[in-house]
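Reader: Hi! I have a structure open and would like to go through a few spots in it with you. Could you help me make sense of them?

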Amino acid sequence: MSGVSSLRKIIHVDMDAFYASVEQLDNPDLRGKPIAVGGSSERGVVSAASYEARKYGVRSAMSSIVAKRNCPHLIFVKTRFDRYNEISKAIRNIFYEYTDLVEPLSLDEAYLDVTVNKKGNPSATLLAKEIRERIYDELKLTASAGISINKFIAKIASDYHKPNGQKTVNPEEVIQFLEHLDIRKFYGVGKVTTEKMYRLGIFTGKDLKTKSLDFLTTNFGKSGGFYYQVVRGIHNSEVKPHRIAKSVGAERTFNVNLSSEVFMLERLAQIAFELERRLKSKKIAGKTITLKIKYSDFSLQTRSKTLPYFASDEKLILETAKDLLYQKALENSVRLLGISISNLNTEKKQIKHINKEVFIQLKFDL
């Protein structure tokens, strides 16, 4: 494989319909039924949908109205992030029994580098199977996994046999796997980029591979270089076990549009309270406070202020958010407000770790 001098054994584990599965686990009456986790109000949004609901076209990020239209007997369940976080930690504890090189992407998915692992097992495929079995035996939840030589391919592979399945792409299979892959399946290629690629005659990985680096960078900027590399099986990003948050935020969508700053202050106080809770649970503070305003016409505006010191206190966050709210007149009625804090103290920390490169011959079994 051109350009590859060292190969890793990477597993991408992705929980199946995580939030919805947790709700069905905790409430047996919901099992086998179409459920949506999120708000059922007019302004509600689906955070997650069970596989029973997905059969009716219900998807995450879909408005609750559309979801209910697609599935009239859909059951809405409120989100319980504390519970999801609790189970997510239990899942990660299982991961850490196999390797310290764990990079969480969210509560329900993570990369694991098992090139060298605590079990001394040379087969990443068998390790992935064992990890998935452990998750089910201990937590009664199912997970899917993708196994390959880098994060990019493992991420794509984990979606192949969902739910409760896994797929391995061995080194000698990588190029053929990528060439036959629909361009929509490439991780990082969204809907807009897919449509642009289609217009350029790029429908599969094989089509993408025929395009020169100059052509791709001309049409897709810096992303063009990324596409040029990954379609050739080259993706050298390491599993980063110490991902540092760059910002922490909280926001609220309102059932009724707000047109007066007076009504918004009460909501901002609630958001600031929640943000302080999240910051203190992570033992994080920041200097730059940003107010997010989404208007009724869905246009978005942000206003920021950088303090001369690190802050995590609810009252200080709220006062700064108020100043930003009154900074200039509102352009329309408001459907969403959010506060985030960045320029965090975590960015000052230097994480020490030993980066071991393990060189392996091209032909090895995953």
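Reader: Which strand is Ser-144 in?

Author: Ser-144 lies in strand E7. Helices (H or I, at least four residues) and strands (E, at least two) are DSSP runs, numbered from the N terminus. Before we go on, note that this is a predicted model, where local features need pLDDT of at least 70, side-chain atom pairs count only at pLDDT 80 or more, and totals for chains, interfaces and linings use all residues. Residues are numbered from 1 along each chain as its sequence is written, and side-chain values use heavy atoms, with hydrogens and water left out.

Reader: Thanks! Is Ser-144 buried or exposed?

Author: Ser-144 counts as buried because its relative accessibility is 0%. Buried means under 20% relative accessible area, exposed over 50%, and partly exposed in between (1.4 Å probe, protein chains only).

Reader: What does the side chain of Ser-144 reach?

Author: It reaches the backbone nitrogen of Asn-164 at 3.1 Å, and the backbone nitrogen of Gly-165 at 3.4 Å. These are polar contacts: a pair of N or O atoms within 3.5 Å, where, within protein, one must be able to donate a hydrogen and the other to accept it, and residues adjacent in sequence count only if both atoms are side-chain atoms. Leaving aside neighbours within four places in sequence, Ser-144 is also in contact with residues including His-12, Asp-14, Arg-132, Lys-162 and Pro-163. Contact means heavy atoms within 4.5 Å.

Reader: What kind of peptide bond joins Lys-162 and Pro-163?

Author: A cis one, with omega about -10 degrees. Pro-163 is in the loop between helix H6 (151–157) and strand E8 (166–168). For background, most residues other than glycine have a negative phi, and most peptide bonds are trans.

Reader: Then which residues have a positive phi without being glycine?

Author: Lys-140 is one of them, with phi near 60 degrees. Lys-140 sits in the loop between H5 and E7, and it is partly exposed because its relative accessible area is 49%. Asn-343 is another, at about 55 degrees. Asn-343 belongs to strand E12 (residues 334–344), and at 28% relative accessibility it counts as partly exposed.

Reader: Changing topic: how many residues are in the largest nonpolar core?

Author: The largest nonpolar core has 33 residues, and those with the most contacts inside it include Ile-11, Phe-18, Ile-91 and Phe-95. A nonpolar core is a set of buried Ala, Val, Leu, Ile, Met, Phe, Trp, Tyr and Cys residues joined through side-chain atoms within 4.5 Å. The largest share of this core, six residues, comes from H5. In soluble globular proteins, nonpolar side chains tend to be buried together.

Reader: What does Ile-11 touch?

Author: Not counting residues up to four places away in sequence, Ile-11 touches several residues, among them Leu-112, Leu-127, Ile-131 and Ile-147. There is also a second, separate core of 28 residues, which includes Ile-271, Ala-272, Leu-279 and Ile-289.

Reader: Now the holes. How much space lies in the largest cavity?

Author: About 50 Å³. The count comes to one cavity of 30 Å³ or more. On a 1 Å grid over the protein atoms alone, a cavity is a set of points where a 1.4 Å probe fits but cannot get out, and lining residues have an atom within 4 Å of a point. Grid points are joined across faces, edges and corners, and a volume is the space filled by probe spheres set on the points.

Reader: Which element gives the most to the lining?

Author: H4 does, with four residues. The lining includes Val-13, Ile-91, Phe-95 and Asp-108.

Reader: Last one: where is Asp-26, and what does it touch?

Author: Asp-26 lies in helix H1, and it is partly exposed because its relative accessible area is 32%. Not counting residues up to four places away in sequence, Asp-26 touches Arg-80 and Arg-83. A polar contact of 2.8 Å joins the side chains of Asp-26 and Arg-83.

Technical notes:
1 Å grid on protein atoms, 1.4 Å probe; cavity = no way out; pocket = protein on both sides within 12 Å on 5 of 7 lines; lining within 4 Å.
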